[in-house]
Structure formats: C-alpha cells, structure tokens
Amino acid sequence: MKSIFLIIRNITFIALALGSIVSCSKDDDITPDPIPMETESRWITVAAARMGENPGDGNGGTLLYSISSEDAKDPTVSIAPFDNGFIAPSNRTARLQSSEDGNTIFNISYAGDTGGNYTKYTVEGGQNFTPTGSEVSIAPYVGSAPRWIKLFDGDKTGAAVYVSTEHEIDDNDTPDDVTDDIYVRTDAKIGIVTLDLVNSSIKEFQEHSVPLTAEEEANGYYFSRIDMPVLNAAGDKIYIGARLSKVNPETAESDSGYEILGSKTIVLDYPSLLNPTVITSSVGHGNTNGYRSINAFLYNGSVYQANQSDPEGSHILKIGSDNQYDDSYDFNLDEALGVEGAYILAWRPAENGKAVLAYRHDGSAEGVAGAQGFFALVDLEAKTAEKINDIPYDPDFYLFQYQGFVVDGNEIYLTQAPVGENGNIYVVDTETGVVTKGAELVNVEGSHFIGTF
Amino acid sequence: MKINNNFLVPLFCMVLLTTSYELTAQVNKLSGFVFGPSNEPLVGASVIVDGTQLGTVTDVHGAFQITDIKNGEYTISTSYIGYKTESKKIAVHADTQVKFNLMENAAELSMVVIQGTTEKTKIEKEGFAVDIIDTKEAGQRNIQTNELLNSSVGVKIRQNGGLGSNVEYSLNGLSGSAVRIFIDGIPISTFGSSFNLNSIPPSMIDRIEIYKGVVPGHLSDDALGGAINIVLKSSTNNHLNASVSYGSFNTLQASFNGLYRYDNSGFTVKASGFHNYSDNDYKVSGRSVLVTGLGGVQTPITARRFNDAYSSTGGVIQLGYTDVKWADQFYIGYTGSSNYKEIQHGAFMTISPYEGRFTQSEASLVNLSYQKQDLFTKDLDLTINGYYGKRNTQVIDTVTWAYNWAGERAIDFRGNEYKYSWGSQQEGGPTEARIDRNVASIRTGLSYSINDHHKILFNHVHNRIDREDSDKLRSVLENTFLGTRDLYKNIVALTYEVNAFDERLKTSLFGKYYQQKTISVDPAIEIGSDGVKKIVDEVVSSNKINNGYGFALSYAIIPEITLLTSAEKAVRLPNETEIFGSDGDNVVANSSINPELSKNFNLGFRFGSFKLNNHQLVVTTNLFTRNIKDRIGLPIETSLNVDDELILYVNQGSGTSKGIDLQFNYTYNKKLFFNFNVSKFDLKIENRGVEIDVPNTPFHTMNANLQYSFKDLIQKKSKLDLFYSLSFTDEFSYIVPQGSNTVGDDFFKVPNQLAQDLGVSYTLPKKDIVVSFDVKNIFDKPVYDNLSVQKPGRAFYLKLNYSIYKF
C-alpha cells in the first residue's frame with residue numbers, strides 16, 4: 001500500500017481520493033465525505049499542541065491530523081486530533097513545515113534524544129503520516145533545539161541557525177585589579193546550515209562572527225538570538241532575523257530597561273552563506289527573529305518582515321531588492337489597527353499581498369496562558385490592517401505558539417480555539433474578506449491548536 | 001546506639017562541652033559482646049540479667065549494653081537460636097564489660113522461636129512509614145548502595161548512566177528537592193558529590209532508614225516527601241573489615257573500616273575509606289547511537305561508552321573516647337573525599353556524545369560528635385553531631401572538536417573533522433565553572449524519659465552553606481560580578497512519645513519550626529565622590545519562617561497485627577535559585593516566594609510475624625497520599641516575557657501522589673529467605689485548574705529477592721549463600737498521557753524493564769573471609785533509568801572480604 005501511495009502521490013486527485021478512503025475507513029470520528037474531491041482539493045493538516053505542565057504550554061506533544069480542504073471548510077465535520085492524531089516525534093513542541101501542495105510535512109525534532117533530526121512524512125489523511133526518505137540531523141551544526149524554517153524555493157531547502165556569544169574583556173594587563181578592566185565587546189558567532197529537503201542531506205554550513213557598529217558594541221549590545229531565514233527575490237541573498245540583548249559594560253552583567261535599537265537583519269550570500277553584513281531599519285525597533293512561525297515573506301520582489309517587542313508597536317518592515325531596509329515603507333500595526341502595543345505573533349500573506357496576521361496588544365485580556373490573541377486582515381500595499389470580527393475571540397484564545405497558515409490561492413486557512421475549548425477551522429478569503437467557518441476542532445483540557453499546514 | 005533517644009538544644013552543647021562536671025554514679029553500665037565460636041558477631045542474641053527486669057538484644061556487631069545496673073553480683077545469661085545458652089556470674093561495681101562465646105547447638109536448630117526485637121524491627125514498629133535496609137549481607141557482595149535503595153519498596157532511583165552518574169531519588173513519587181538525604185542525620189549537601197550514595201560502600205554503612213512522607217523529629221529538615229538517612233557504622237567493638245571487588249567495565253572498588261579501642265582508657269581510633277573506579281564503557285545502542293558520514297548520512301552502531309569513567313576516593317578518621325564515664329562516644333574527626341566523573345551526554349543520549357567533559361569535586365570537613373545517655377540525671381540523653389568544612393565542584397568542558405559514538409572525531413557533511421560552533425561539547429559554550437562552598441551543619445538532640453511511658457525529645461539542626469561561583473574561562477571582571485549566595489537554615493523539632501497498654505500503643509507527636517535565611521551579595525560598580533570607580537556589594541536577604549507538625553502511631557491490635565499510621569504537614573523551603581534566581585538563566589529574584597507545602601498521610605499494617613514450624617512470614621503494607629500545595633516552578637514562556645530578563649520562580653498549582661506499597665517476607669528454617677515488594681502510585685499535578693499525570697515517572701515497580709543458605713557445604717562450618725534478585729519497572733512515557741487512538745506514542749515510551757541478577761557468597765569456616773561473585777542483568781536486557789538513558793547490560797563482579805573481630 002505504501003509503495004502505491006509513493007508512486008501516485010504526485011497525482012493529487014487520486015491520492016486525495018484514496019487518502020480520504022483510508023481516513024474514513026480507519027477513523028470513526030470523521031464524517032465521511034461521499035463526494036469525490038475536485039482536482040483543486042488539497043490536504044489541510046491541523047497541528048495541535050497538548051498541554052505539558054501548564055495550560056497552554058504546548059509541551060505535552062504536537063499532534064497532526066489531516067483532512068481534505070473540502071472537509072476543512074465544512075462546519076459539520078468534526079475532528080479530534082488529540083484523540084486520533086499522529087504525535088510528531090519531538091520532545092518539545094515540534095516546529096513543522098509543509099510542502100506548498102500540502103502533501104508532505106517536514107519536521108525537525110526539537111530537543112530530546114533526537115533533537116535536530118529531520119524527518120518528512122507523506123500526508124495520507126487522518127492520522128496517517130508515512131515517513132519517507134532517510135533521516136539526517138542538523139544538531140552537529142546548530143544544536144539539538146534548532147531554529148529552522150523552510151525556504152520558499154519550491155520545497156527544496158530548509159535553513160537553520162545558531163548563535164553563541166562570548167564577552168571580550170581587556171584587563172589592562174592588571175589581572176588582579178578589576179576596577180580598571182574594560183568591557184570591549186561581545187562576540188556573536190553565528191552558524192547557518194542549509195538542508196536539502198528532497199534528498200535529506202546537508203547542503204552547506206558556514207560560521208561567522210557578526211559585529212555590530214563600534215558604538216553599539218561599546219554600549220554592550222550584541223546578537224543574542226537569530227532565527228527565521230528567508231531568501232530574497234533574486235535568490236542570491238538570505239536574510240536572518242535577529243534579537244539584540246545588552247550587557248552593562250561596567251560589569252558585563254545582563255542589562256535591562258535599555259534603549260531598543262532599530263530592527264536589524266543579518267544578510268548573507270546565498271547559497272554560499274558567505275559575506276555577512278548587518279542592515280538596520282530606521283522605521284522599526286526591536287526584534288526580527290519571530291518565535292515559532294515564519295516571520296518574513298517574499299512578496300512582489302521585496303521581503304516583508306514583521307518585528308516584535310517594538311516600543312511603538314509591531315511594524316511590518318520592507319527589505320527591497322537592493323537588500324537594504326526600505327525606510328520609505330512605514331507600516332505600523334498600532335496605527336493601522338488603532339491599538340496600543342500591537343505585537344505580531346504570526347502572519348502569512350497570500351500571493352495577492354493580503355495577509356492574515358495574529359496579534360495581541362496592550363488591551364488584550366490576560367487569559368489562562370497569557371495575553372489574548374486576535375486575527376487581522378492586512379494589506380501590504382495599502383498598509384492597512386483590520387481585525388477580523390467574524391472569528392470568535394475569548395480571553396483564553398492564545399496565539400503565541402501559533403505556527404501555521406495554509407495559503408491556497410487567495411484563501412488562508414487558520415485554526416481557532418481557546419485553550420481547553422473546542423473551536424473551528426476558519427477560511428479567510430483575503431480578496432473579499434469573507435470568513436468561512438469550517439470543521440470543528442475538538443479540544444482537550446489545557447491544550448490548544450497551533451495552525452494548519 | 002538508640003538513634004532516636006538523643007536530642008538537644010544548641011546552647012546546651014556549648015555549655016556541656018566547655019564545662020567540666022561530675023557524675024553521681026549510683027548505677028552502672030554493663031556492656032559487651034556475644035560472639036559465636038569463631039568470634040563472629042551474633043546479631044539479635046538476647047542478654048538477660050537474671051532476677052531483674054533488665055535485658056536487651058545484641059546489635060549487628062554482636063554488641064549489647066544494659067544501663068542502670070546497681071552495684072551487686074549478677075548472673076548474666078545470653079541465648080541465641082541454634083546456640084547453647086550461657087551464663088556468667090559477674091560482680092558489678094562500676095561500668096563493666098563482658099564477652100560471651102556461644103557454642104553451637106545442632107539439636108536446637110530445628111526449633112526456631114525468634115524472640116527479641118532487632119533495631120530494624122523496633123524502628124519499623126514505631127508507626128512511621130519506614131523501611132530499614134540492613135547492609136550486612138550487601139556489604140559483602142558486589143552491590144552498590146544505590147542498588148540497595150532501588151530494590152526497596154516505594155523507592156526509585158533515577159540514574160543518568162553507570163556507576164558514579166547523577167542520581168535522583170524518588171519516594172512514593174516525590175523526588176528532587178522533596179527528598180532529603182542525610183548521613184548520620186547531617187544533610188548530604190554538607191558533603192557534596194564526592195561523599196555520597198554513589199561513593200560510600202554498603203560495608204561502611206550500618207543501616208539505611210527510609211522515611212516516606214512523614215519524617216521523625218530527630219531527622220527534621222524541610223523534607224516534603226520523605227528522608228533517607230544513612231547510618232554509618234558506629235559500634236565500639238574492635239574490628240577491621242577490608243574488601244576489594246573487581247569486575248566488568250574495569251570496575252574496581254575497595255574499602256576498609258576498622259576500630260580499635262584501648263580498654264583501659266577508652267581511647268578509640270576509628271577509620272574507614274573507599275576507592276571506586278570504573279571505565280563505565282558498557283555497550284549502548286538505540287536510535288541516537290549512530291555515526292554520521294558524508295552529507296549527514298547516518299549509520300546506527302552498537303557503541304561502547306568512551307567518556308564515562310568514574311573515580312572516587314574518600315575516608316573518615318575519628319579519634320576519641322568511647323564508653324567512658326563522661327561520654328558513650330566522643331569523637332573528633334576528619335572526612336575527606338574527591339570525585340572525578342566524565343560525562344558522556346546530557347539528559348538524553350543524542351547523536352553527539354561528549355568527549356572530555358567532566359566534573360570533579362572535593363570535600364574536606366572536620367567533625368565533632370558526642371553521645372551520652374543519662375547525662376546529669378537518669379534518662380536524659382544527649383547527641384551532638386557537627387561538621388564544618390569546605391567543598392567545591394567544578395565542571396570542565398573545553399574540547400571543541402566533535403566526536404561520534406565510535407569514540408572518534410566526527411566528520412561533517414563534507415567529510416572533514418569539525419569543531420562545534422559553540423566551542424564546547426555541551427551547547428552553551430566552554431566552561432571551567434567552579435563553585436566553592438563553605439559548609440557547616442550541626443545536629444543536636446536531647447531526650448528525656450519522664451517514665452517508662454512518656455518521653456520528650458528536642459532536636460535542632462543548623463545548616464549553613466556559603467556559595468561562591470567562578471569560571472576560569474571568564475574574565476576577572478565577569479567573575480567579580482558573579483554574585484555569592486549564603487543560606488542558613490535552622491530547624492527545631494519537639495517530639496512527645498507515649499507508649500501505653502503494655503507497649504501495644506506507641507505514639508509520637510511532633511512539631512517542627514523552620515527558619516531559613518538566604519543572603520545574596522551582588523557586587524556592583526559605583527563611582528565615588530572622588531570620581532574613582534569602586535566596587536560595592538548589593539546585599540539582599542530573605543528570611544522565611546514556617547511551621548509543620550505531625551504524628552506517628554502504631555497499635556498492636558493483636559500481637560501479629562499492628563496498625564501503623566502517620567501524618568505530617570510537611571514543608572519545603574525555596575532554595576537559593578528559587579529565591580534569588582540565576583544570572584545565567586535570566587531568572588531574577590522573587591523574595592516573596594512561599595515554601596511548598598504538603599499534607600502527607602500513611603496508613604499501613606504489619607501482619608506477622610506468623611510462625612508455623614519452620615516457616616515465618618511477615619507482610620507489611622502502606623497506603624499513602626501526598627497533597628502538595630504551592631509548587632514552585634518557572635512560568636511558561638509567553639509573548640509578554642519572551643524577551644524579558646524578568647522571569648522569576650513562582651508558586652503555581654498543586655499536586656497529588658496516591659498509592660500503595662506492599663512487602664512480603666518469608667523465611668524457611670533460616671535457610672531460605674524470600675522477599676517481594678510491589679509499589680504503585682498515581683502522580684498528578686494541577687496548574688490553573690487543569691490536572692495532568694506527571695510524565696517520565698515509573699509508577700509501577702516490583703522487586704523480588706531470593707536467598708538460600710547452605711551450611712557446611714564444602715568445609716565444615718562454612719556457609720554458602722545463593723542469591724537471586726529481580727527488578728521490574730513498568731512501561732512509562734516521557735510525555736503526558738495521550739488520547740485513546742493516537743499514533744506515534746511509541747517514540748516517547750520507555751519500555752518495561754526486567755533485570756535479573758544472580759549472586760553467590762562463600763563464607764570460610766573461620767568467618768573471616770567471604771568471597772562473593774555476582775552477575776548483574778544476566779539476560780543482558782536493555783535497562784533504562786532516566787529519560788531512556790541506557791544503563792549497563794550483563795556484568796560480572798568478584799569480591800573478597802576480610803574481617804577480624806578480635807585483636
């Protein structure tokens with residue numbers, strides 16, 4: 001059976017039909033869909049994060065369950081991934097990616113004995129995810145809890161990054177006298193590895209010391225975390241999002257309450273991963289490394305990047321085809337949404353430049369797992385954002401760990417469910433703004449859903 | 001020797017030690033030994049002073065002691081099963097010593113009637129949920145102290161690899177800092193990782209007391225889930241034991257302990273020492289034991305661990321006086337130990353084994369101990385035990401090259417040997433971090449028996465740890481601004497013991513007062529009025545006070561059925577990291593954090609011993625619940641705190657553990673011994689209204705031990721013992737329980753484990769030499785303790801013991 005699936009998996013229409021039979025025959029919870037699927041149907045894989053120790057921590061296992069896009073849009077369909085799903089092999093919340101057609105799920109195990117292991121699965125409906133290809137680990141290059149993302153190059157490449165830091169101190173040749181010691185800078189060494197997703201092998205790995213300006217370094221700033229690599233339109237540069245931290249240069253101890261610098265991105269040649277440079281925005285301040293969901297996307301020749309922890313509220317920043325921040329593009333979410341302290345938790349544009357964006361703000365209620373989240377419909381060209389009111393919100397609706405949106409044409413699929421309560425798949429037509437309530441998501445205590453793939 | 005008879009106020013000890021005083025000796029003490037024909041100690045022999053109510057039984061060294069004998073002439077009789085009863089006429093006008101050598105009586109051997117009570121049985125009948133492990137037999141075999149604990153009911157050892165690896169102890173499901181471990185009542189944190197249950201051989205230990213849930217006043221500490229007390233040998237008989245063991249994985253273990261007492265002066269020299277070494281190069285395999293080739297292609301292998309060696313050496317020497325007028329025991333001593341342990345991997349076995357990462361630690365402590373019964377007045381007993389010294393721990397990780405499980409330099413996808421980006425084996429960067437601690441711990445106990453039925457006990461323990469961190473690989477500037485942490489703990493316990501109805505009812509009521517002061521000193525730079533930079537210390541302190549109380553009760557419903565029940569409101573004070581945070585992990589201080597509290601209940605029965613002809617049976621069972629409140633933990637990462645330097649420990653949620661322990665002991669004709677125990681519990685925690693089963697918890701374990709003794713098998717008067725033991729751990733998962741129909745669960749499961757060991761010991765006729773051979777894990781089954789970390793497979797060990805009891 002497995003080999004049959006492998007042979008025909010590119011013939012979407014047959015695969016979907018077969019997959020649907022498999023899922024129906026193996027699982028009683030899903031309402032059978034007798035209508036043969038149309039060719040534009042695709043798999044929607046729902047990701048669910050079970051509670052570990054605390055409600056909403058998502059550390060109790062990441063579960064996957066796939067249904068057809070027709071079923072996903074059908075509010076009479078009900079699925080229960082926590083009871084019937086496939087548990088992704090990851091010690092902590094798995095960081096998942098899917099192929100553009102939804103037929104393959106890519107996973108790199110996060111922490112634990114197999115942390116850093118890359119595996120891919122053919123999606124066959126329901127709880128059926130068949131491992132394909134050989135296993136490879138990126139742990140030797142970027143550690144066992146890697147920050148990785150799939151690049152948008154036709155599902156060919158994944159990239160993962162790591163940063164390690166070391167404080168450099170000049171003791172003025174008086175090793176016993178501390179008072180004349182001078183903090184010089186903190187060296188941030190980054191490592192980046194690219195992974196061949198098709199052949200399950202390592203493509204390239206490079207390490208670089210990435211300095212800031214002399215003044216920034218003297219003040220104690222350094223790159224403390226990097227994440228979310230993305231390719232430019234020409235495919236000759238890769239951008240890496242970054243977070244800055246700061247030490248007190250007097251004592252080399254961690255500082256707090258300091259001035260937040262302009263948002264920064266590390267730029268490397270691609271595919272060689274050489275020649276690091278740092279670019280700085282004068283529009284946005286704060287981090288560009290996101291959290292668990294892809295934070296920067298290519299649209300219409302430029303890369304659009306969200307930032308976080310911006311004192312003025314999150315921005316969407318633009319990096320032009322010249323690989324520099326386009327500071328003429330000023331898209332502030334506080335202004336666009338009319339809120340204070342907007343914080344972009346996850347987002348995803350469709351090909352039309354219109355995006356669905358998950359956010360919280362200073363007015364969010366404090367729910368069981370943290371600040372309440374909302375969805376907005378965003379237009380990158382018009383720089384507008386509007387809260388999507390057709391999706392129900394609850395104080396316990398929590399989007400910090402939100403990872404995935406499926407883009408199917410102009411439609412974007414998302415999951416909605418407060419921590420510990422049932423919810424639904426929602427499909428947003430980004431062109432018209434019409435929101436369709438889809439399949440019911442059956443939840444369990446303390447747990448939540450982290451998106452669609 | 002009666003460990004819970006002695007208690008005291010700290011002030012008292014100062015007064016007593018510095019003031020000379022005279023005893024009005026109206027009564028005398030009679031002490032001595034009961035040996036067999038070859039001077040082997042007879043344990044549990046009864047000693048009676050004819051015509052009086054006085055009598056006792058001998059301890060594991062054959063020693064006995066009868067106090068309160070008035071001047072006069074007496075007939076002392078001693079008897080032991082299988083030996084002829086012997087009597088001696090003795091004139092007692094001062095403290096007197098007497099020795100018996102009993103002859104074997106073959107005829108009596110078939111009539112087994114056991115009378116008298118051993119220390120073990122005595123403690124076990126006090127009402128606490130307690131297990132006493134007698135180490136006499138294990139001390140002669142190739143058995144580690146930790147293995148001994150692990151086979152005890154309700155106890156589970158989680159060890160991260162082979163001999164010398166990190167160990168965590170779980171009592172009825174509660175583990176980590178909820179379980180306090182003591183050596184002679186002194187918290188093990190005083191001794192550090194070089195003098196601990198990994199390194200101390202069972203032959204240095206007299207017995208191990210395991211108190212579950214409810215801890216008696218004389219061991220008081222903030223032990224939320226229970227306490228394990230290692231009682232080192234303390235008999236005052238002249239003896240010398242030495243042993244050496246060698247076996248698989250180049251494991252060598254040697255130990256000795258001896259005591260010599262000058263009868264005239266009472267001057268006593270006592271010394272013990274140990275040395276352990278193991279390569280721990282046992283075979284491992286599994287999904288992460290691989291070698292990576294070009295492009296990252298993985299080939300699974302069976303590998304030998306190559307960076308796991310362990311070495312520890314230590315010793316105790318004590319000089320003083322025993323059984324003299326002014327002291328039963330008075331010692332001044334020195335304890336020194338050092339430890340070296342290579343680290344093969346982190347919490348999990350991953351595809352990147354460590355090379356060259358290791359820890360080393362040293363401890364150097366001076367010790368003072370004093371014991372006196374009938375101090376100043378009859379029935380006032382005093383015990384003092386104190387340690388003061390230094391200890392340090394260092395973690396070294398400076399090798400930058402990557403290694404694979406074949407023990408060779410690993411190659412990257414291009415085929416080149418490579419260095420880790422983070423410059424060390426464990427992610428996080430190279431380290432030579434060193435923690436230096438000054439430690440002091442003193443426990444004092446005073447007890448007073450009002451009459452035969454009422455007793456008051458007072459106990460105080462003071463514990464102090466000053467901690468300083470440094471890292472050679474960091475600059476002086478960075479090291480200077482690492483803070484120091486000092487912790488002082490005072491715990492006072494008051495216990496009232498009653499026994500009534502002809503000893504059928506025994507109760508003990510206790511209250512405990514906890515005080516903990518923690519001080520953090522963080523140096524900071526300040527610019528003085530003269531414009532010159534200077535370093536000033538920012539001092540923050542926190543003082544926590546709490547109370548606890550509890551009781552233990554035993555009631556013999558009929559002589560063969562005893563009800564044992566106990567309860568305690570137990571407290572665990574927050575530790576220094578929980579209060580002050582940790583610079584490295586961006587955790588800041590929360591001085592308002594509350595202690596963890598737990599209401600612990602035990603309800604048990606002891607059935608037995610039932611005797612029928614040569615059969616003897618004892619069954620004990622305990623039902624328990626633990627109800628924890630205000631568990632201390634870190635909050636979850638949210639968008640509000642992900643970039644913060646402001647994470648702090650908080651009190652969050654509650655937890656419960658409920659379960660049953662059952663133990664079954666059967667003896668036939670003093671030849672066949674069978675012990676079986678089973679333990680099962682449910683451990684749940686609740687956070688913000690949601691309850692979950694705690695993952696990575698072996699909730700169901702079973703152990704069985706079988707021993708058969710042959711006498712006169714090869715040589716007359718020799719003894720051959722055969723041992724078989726089995727330990728079973730049920731399957732458990734290291735993620736929380738999943739839904740009914742999920743797939744992929746197997747990835748997280750630690751499969752059920754069954755290990756079986758065989759052993760044989762041969763005791764030569766003179767009983768001075770014992771040779772033991774043990775095979776561990778005879779069927780070479782994969783065994784895991786912690787998060788799927790594999791433990792050694794089949795292994796063989798040979799041990800030679802030499803003992804002299806007469807000089």
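Start by selecting A:Val303, whose bridge partner in E20(A) is A:Ile319. The two strands involved, E19(A) and strand E20 (residues 315-319) of chain A, run antiparallel and are joined by 4 bridges. Strands count as paired if DSSP finds at least two bridges between them. Helices (H or I, at least four residues) and strands (E, at least two) are DSSP runs, numbered from the N terminus.

The model is predicted, so local features need pLDDT of at least 70 and side-chain atom pairs count only at pLDDT 80 or more, while totals for chains, interfaces and linings use all residues. Residues are numbered from 1 along each chain as its sequence is written, and chains are lettered from A and ligands numbered from 1 in the order in which they are written.

**Around E19 of chain A**

Strand E19 (residues 302-306) of chain A is mostly covered, with 4 of its 5 residues buried. A residue is buried if 20 or more other C-beta atoms lie within 10 Å of its own, exposed if 12 or fewer, and partly exposed in between, with C-beta atoms placed from the backbone.

Now move to A:Asn300, in the loop between E18 and E19 of chain A. The hairpin of these two strands has 2 residues between them, and A:Asn300 takes a positive phi near 55° there. Most residues other than glycine have a negative phi, and most peptide bonds are trans. A:Asn300 counts as partly exposed because it has 13 C-beta neighbours inside 10 Å.

**Chain A as a whole**

Zoom out to chain A, which has 7 helices and 32 strands. Its C-alpha atoms fill a box of roughly 80 × 50 × 45 Å, taken along the principal axes. The radius of gyration of chain A, 22 Å, agrees with the value near 22 Å for a compact globule of 453 residues. This radius is taken over C-alpha atoms, and the globule rule is 2.2 Å times the number of residues to the power 0.38. Of the 453 residues in chain A, 59% are buried.

Select A:Leu357 and A:Tyr359, which have the most contacts inside the largest nonpolar core, a set of 146 residues. Strand E13 (residues 221-231) of chain A gives the largest share of this core, 7 residues. Another core, of 52 residues, lies apart from it and includes B:Ile183, B:Phe191, B:Val214 and B:Ile491. A nonpolar core is a set of buried Ala, Val, Leu, Ile, Met, Phe, Trp, Tyr and Cys residues joined through C-beta atoms within 7 Å.

For a cis peptide bond, go to A:Tyr270 and A:Pro271, where omega is about 5°. A:Pro271 lies in the loop between strand E16 (262-269) and strand E17 (277-285) of chain A.

**Chain B**

Switch to chain B, with 5 helices and 48 strands. Its radius of gyration is 28 Å, close to the 28 Å from the globule rule for 807 residues, so chain B is as compact as a globular protein of that length. Buried residues make up 44% of chain B.

Colour chain B by domain: domain 1 (3-110), domain 2 (119-232) and domain 3 (239-804). These bounds come from an automatic or database domain assignment. The C-alpha centres of domain 1 and domain 3 of chain B lie 35 Å apart.

Then pick out the open sheet of 5 strands in chain B, with the order E8-E14-E15-E12-E13 and mixed pairing. Strand E8 (130-134) and strand E13 (186-187) of chain B stand at the edges with a single partner strand each, so one side of each has no neighbour in the sheet. Within the sheet, strand E14 (residues 205-212) and strand E15 (residues 226-232) of chain B run antiparallel, joined by 7 bridges. B:Arg207 has B:Val231 in E15(B) as its bridge partner.

Two local stops follow. The peptide bond from B:Gly608 to B:Ser609 is cis, with omega near 10°, and B:Ser609 is in strand E34 (residues 596-612) of chain B. B:Asp374 is not glycine, yet has a positive phi near 55°; it is found in the loop between strand E25 (358-372) and strand E26 (380-396) of chain B.

**Where the chains meet**

Finally, show both chains: 58 residues of chain B are in contact with 71 residues of chain A. Contact means that the C-beta atoms, placed from the backbone, lie within 7 Å. The elements of chain B that give two or more residues to its side include helix H4 (476-480) and strand E30 (505-527). H4(B) gives the largest share, 4 residues.

Key:
Contact = placed C-beta atoms within 7 Å.
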